[in-house]
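User: I'd like a close look at one part of this model, the charged pairs. Please walk me through them.

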Amino acid sequence: QADVFTYDPGFTSTASCESAITYIDGDAGVLLHRGYPIGQLAGKSHYLEVCYLLLYGALPTATELEDFEKRVTMHTMVHEQMHKFYSGFRRDAHPMAIMVGVVGAMSAFYHDSTDISDPWQREVASIRLIAKMPTIAAMAFKYTIGQPFVYPRNDLDYASNFLRMCFAVPAEEYEVNPILARAMDRIFTLHADHEQNASTSTVRLASSSGANPFASIAAGIACLWGPAHGGANQACLEMLREIGTVDRIPEYIAKAKDKNDPFRLMGFGHRVYKNFDPRATVMKESADEVLDLLGVEDNPVLQVAKELEKQALADPYFSEKKLFPNVDFYSGIILEAMGFPTSMFTPIFALSRTVGWISQWKEMIEDPSMKIGRPRQLYTGATERDYVDVEKR
Ligand code: SDX
């Protein structure tokens with residue numbers, strides 16, 4: 001049984017909620033999931049084991065892990081009718097638009113796991129969402145590039161299954177490279193949960209009304225899409241593309257430092273971390289591994305990324321403002337090197353974060369003191385006044 005944080009009885013806080021799942025110390029650059037440091041989990045564990053930890057609060061025994069992985073595997077296919085849902089989108093739809101729609105519509109396909117008052121239905125909804133998100137994301141990718149959907153396979157691990165569903169084609173099998181599968185699994189693990197970030201708070205608020213889990217997770221996906229949040233990895237790669245060549249980096253660093261210029265270095269800075277994001281440290285190791293495997297010499301975007309990181313880290317402006325590369329800076333580099341279009345970066349973030357959203361949803365729903373969320377405001381509008389007929393205005 002782990003020791004737990006306790007607070008003095010008189011302690012008061014402006015916190016939006018209590019949670020026992022993830023702890024962040026932004027100044028120290030610490031991230032714990034159920035007490036375990038993210039560096040240890042990313043180095044020694046794997047995504048589905050971290051899912052079990054986040055959902056149930058303890059690392060599984062070998063038998064518990066085998067049973068959990070089998071339950072997830074048996075739910076990786078989506079209802080065949082769902083395939084028709086995709087054909088209603090234009091081929092140039094952003095995969096995030098498709099994921100918001102398809103996940104929101106899951107409540108219309110899986111009626112037997114929408115009643116949040118039933119513990120069994122809550123459990124099935126959790127497993128279904130974790131299991132089906134890679135399939136839904138891969139189908140969104142295939143749909144937008146005009147290739148046929150690839151079904152999941154039960155003999156592959158979670159990350160390998162996702163890579164194969166994205167890159168296999170009927171004409172040619174896709175052999176999953178273990179280094180890429182490991183890097184993919186690490187990306188999933190490093191994005192699994194992150195305390196009360198914007199999208200997780202959205203899921204908590206949406207589900208506090210009793211909305212079904214699929215609708216609540218769809219709300220989280222919509223929020224994550226924003227470029228200041230989960231959309232930062234796509235925005236970061238687009239920024240690197242816009243910079244184009246190493247010699248233009250000083251011009252963009254100057255723009256980022258100019259208070260009159262709204263431009264910000266995408267993939268840098270964080271609302272909470274005023275130190276290196278511990279996830280970025282691990283992600284950087286993976287980026288180096290993947291670039292060694294796939295080569296960076298002939299990829300100008302990746303060359304710009306490496307040089308930008310070097311120059312920004314050496315610039316006192318960024319260190320004084322505690323602006324360091326965040327998890328999105330390096331994940332974008334890895335996904336680019338793997339061959340994903342930037343439009344798939346945030347859907348991959350969304351599928352990774354599903355377990356964090358679901359774990360916090362479960363924690364909140366199972367709290368008997370839970371009430372519907374109702375944030376208050378400071379009113380700054382007009383004082384009371386009488387209506388004036390239009391003829392007199
Ligand atoms: C995620 O909440 C989470 O946990 C989110 C997340 C998760 O896992 O869920 O970690 C995922 O969203 C990571 C962040 C991804 N976003 C980006 O990479 C977009 C680029 N970053 C910025 O938009 C920005 O850093 C924020 C939004 C992330 C944070 O903005 P803040 O709160 O304004 O940052 P700050 O208060 O620490 O900024 C300090 C100063 C400010 O200048 P001053 O007003 O003090 O003069 O630094 C400036 C900012 O203007 N600044 C930047 C900058 N980020 C902040 N200047 C240039 N480039 C940047 N990227």
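Is Arg90 buried or exposed, and what is its relative accessible area?

Analyst: Before the details, this is a predicted model, so local features need pLDDT of at least 70, side-chain atom pairs count only at pLDDT 80 or more, and totals for chains, interfaces and linings use all residues. Residues are numbered from 1 along each chain as its sequence is written, and side-chain values use heavy atoms, with hydrogens and water left out.

Arg90 is exposed, with a relative accessible area of 61% (buried means under 20%, exposed over 50%, partly exposed in between, using a 1.4 Å probe and protein chains only). Its salt-bridge partner is Asp92, with the closest N and O atoms 2.5 Å apart; a salt bridge here is a side-chain nitrogen of Lys or Arg within 4 Å of a carboxyl oxygen of Asp or Glu. Asp92 is exposed too, at 54%.

Now for a pair with another setting. Asp112 and Arg128 form a salt bridge, 2.7 Å between the closest N and O atoms. Asp112 sits in the loop between helix 5 (95-109) and helix 6, and Arg128 in helix 6, so the pair ties together parts 16 residues apart in sequence. Helices are DSSP runs of H or I, at least four residues, numbered from the N terminus. Asp112 is partly exposed at 36%, while Arg128 is buried at 11%.

Then there's Lys284 with Glu309, whose closest N and O atoms are 3.4 Å apart. This pair links distant parts of the chain, helix 13 (residues 278-294) and helix 14 (residues 300-314). Glu309 is buried at 8%, and Lys284 is partly exposed at 25%.

Note on methods:
Helices (H or I, at least four residues) and strands (E, at least two) are DSSP runs, numbered from the N terminus.
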